[in-house]
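Please read them with the coordinates open.

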Amino acid sequence: LKSEIEKHFELLLSRNITIKIIDQKGAVHECKPFDYTKINKNVFRKEITELYKTNSKKLRTKKVIAKFDPPLKLLLVISKDIELNRPPCIVIKGRRVGNIADIEPLNSINKLTIWKRGDLIGHCDATGVLELTPTRKDFKKTELSKAFCNALLDAEDEILNYIEKESNTDAKRNMKKLENSVTDVLRKYI
């Protein structure tokens with residue numbers, strides 16, 4: 001129960017709200033928000049202050065349809081050594097409601113390379129933008145939901161750069177180890 005509360009109400013817990021659970025033995029367990037900086041000190045943050053729709057595909061013009069103050073916040077962290085299998089999610093009013101990869105209108109070619117990675121975690125606060133369907137399993141298809149997906153698509157290049165920068169150092173180190181191992185085997189063989 002503690003882990004489910006921490007997972008689904010992470011942003012609420014980060015607002016200095018304390019939830020304590022007392023088990024059958026009388027032990028008290030305090031729910032705490034997830035600390036992303038324990039995974040990686042370099043956190044990707046992006047604030048989205050306005051959403052737009054494409055006014056003309058031919059002329060590549062955009063029309064702002066909504067401005068936000070406070071802005072929508074996207075927070076992502078990549079783990080350098082473990083897979084957490086906790087994909088980036090959508091948060092509405094402080095409550096986790098679904099994974100970003102599961103948003104149907106998000107037509108991204110990077111769903112596997114970004115949103116479904118096992119080593120990338122985080123959330124995007126979409127309060128006031130996305131509306132849940134009555135089943136709470138999907139989002140209503142509105143002009144704002146399309147604009148939200150466009151904003152995520154626009155941020156993907158920055159996110160890919162962050163992923164490459166943060167995971168590249170380990171890849172180079174691992175490739176160097178592999179290279180050294182192959183060189184040692186070849187030396188012994190020759």
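This is a predicted model: local features need pLDDT of at least 70, side-chain atom pairs count only at pLDDT 80 or more; totals for chains, interfaces and linings use all residues.

The points below go from the sheet to the core, then to the rings and some backbone details.

1. Every value below is computed from it.

2. Sheet layout. Five strands make up an open sheet. Their order is β3-β4-β7-β5-β6, and the pairing is mixed. The edges belong to β3 and β6. Each has a single partner strand, so one side of each lacks a neighbour in the sheet. From one strand to the next, the twist averages 30 degrees.

3. Strand pairings. β4 and β7 run antiparallel and are joined by five bridges. Leu-76 stands opposite Gly-122 of β7. β5 and β6 (residues 95-99) also run antiparallel, with four bridges joining them. Here Val-91 stands opposite Arg-96 of β6.

4. The β5-β6 turn. These two strands form a hairpin with two residues between them. Lys-93 sits in that turn. Its phi is near 55 degrees, a positive value in a residue other than glycine. Lys-93 counts as exposed, because its relative accessibility is 64% and the cut-off is over 50%.

5. Nonpolar core. Which residues have the most contacts inside the largest nonpolar core? They are Leu-51, Ile-90, Trp-115, Phe-148 and Ile-159, in a core of 38 residues. At least two core residues come from each of β3 (44-56), β4 (61-78), β5 (89-92), α3 (111-115), β7 (120-125) and α4 (143-189). α4 gives the largest share, nine residues. As a general point, nonpolar side chains tend to be buried together in soluble globular proteins.

6. Ile-159. Take this residue as a way into the core. Setting aside neighbours within four places in sequence, Ile-159 is in contact with Phe-44, Leu-74, Leu-76, Ile-114 and Trp-115. Leu-76 is the residue already noted opposite Gly-122. Trp-115 is also listed among the residues with the most contacts inside the core.

7. Phe-44 and Tyr-162. The search of the whole structure gives two aromatic pairs. One of them is edge-to-face: Phe-34 with Tyr-36, at 4.9 Å centre to centre and 70 degrees between the planes. In the pair of Phe-44 and Tyr-162, the ring centres are 5.7 Å apart. The planes of these two rings stand at 45 degrees, so the pair is tilted. Phe-44 belongs to strand β3 and Tyr-162 to helix α4, so this pair ties together parts 118 residues apart in sequence. Phe-44 is buried, at 8% relative accessibility. Tyr-162 is buried too, at 8%.

8. Around Phe-34. Arg-86 lies over the face of Phe-34, 4.3 Å from the ring centre. Is Phe-34 buried or partly exposed? It counts as partly exposed, at 29% relative accessibility.

9. Glu-10. This residue is in helix α2 (residues 10-13). Glu-10 counts as buried because its relative accessibility is 7%, under the 20% cut-off. Leaving out residues up to four places away in sequence, Glu-10 touches Ile-5, Pro-33, Phe-34, Tyr-36, Arg-86, Gly-94 and His-123. That list includes both rings of the edge-to-face pair. It also includes Arg-86, which lies over the face of Phe-34.

10. Ile-65. Ile-65 is in strand β4. At 26% relative accessibility, Ile-65 counts as partly exposed. Not counting residues up to four places away in sequence, Ile-65 touches Leu-51, Tyr-52, Lys-53, Glu-143, Leu-144 and Ala-147. Ile-109 is 44 residues away along the chain, and the two C-alpha atoms are separated by 25 Å.

11. Backbone points to check. The peptide bond from Asp-69 to Pro-70 is cis, with omega near 5 degrees. Pro-70 lies in strand β4. Asn-16 has a positive phi of about 65 degrees, although it is not a glycine. Asn-16 is in the loop between α2 and β1 (19-22). This residue is exposed, with a relative accessible area of 74%.

Definitions and conventions: Residues are numbered from 1 along each chain as its sequence is written. Side-chain values use heavy atoms; hydrogens and water are left out. A nonpolar core is a set of buried Ala, Val, Leu, Ile, Met, Phe, Trp, Tyr and Cys residues joined through side-chain atoms within 4.5 Å. Buried means under 20% relative accessible area, exposed over 50%, partly exposed in between (1.4 Å probe, protein chains only). Contact means heavy atoms within 4.5 Å. Two strands pair if DSSP finds at least two bridges between them. Axes are lines fitted to C-alpha atoms, for helices over the stretch in contact, and angles run from 0 to 180 degrees between N-to-C directions. Rings of Phe, Tyr and Trp (its six-membered ring) pair if their centres lie within 6.5 Å; planes under 30 degrees apart count as stacked, over 60 as edge-to-face and the rest as tilted. A charge sits over a ring if NZ of Lys or CZ of Arg is within 6 Å of the ring centre and within 35 degrees of the ring normal.
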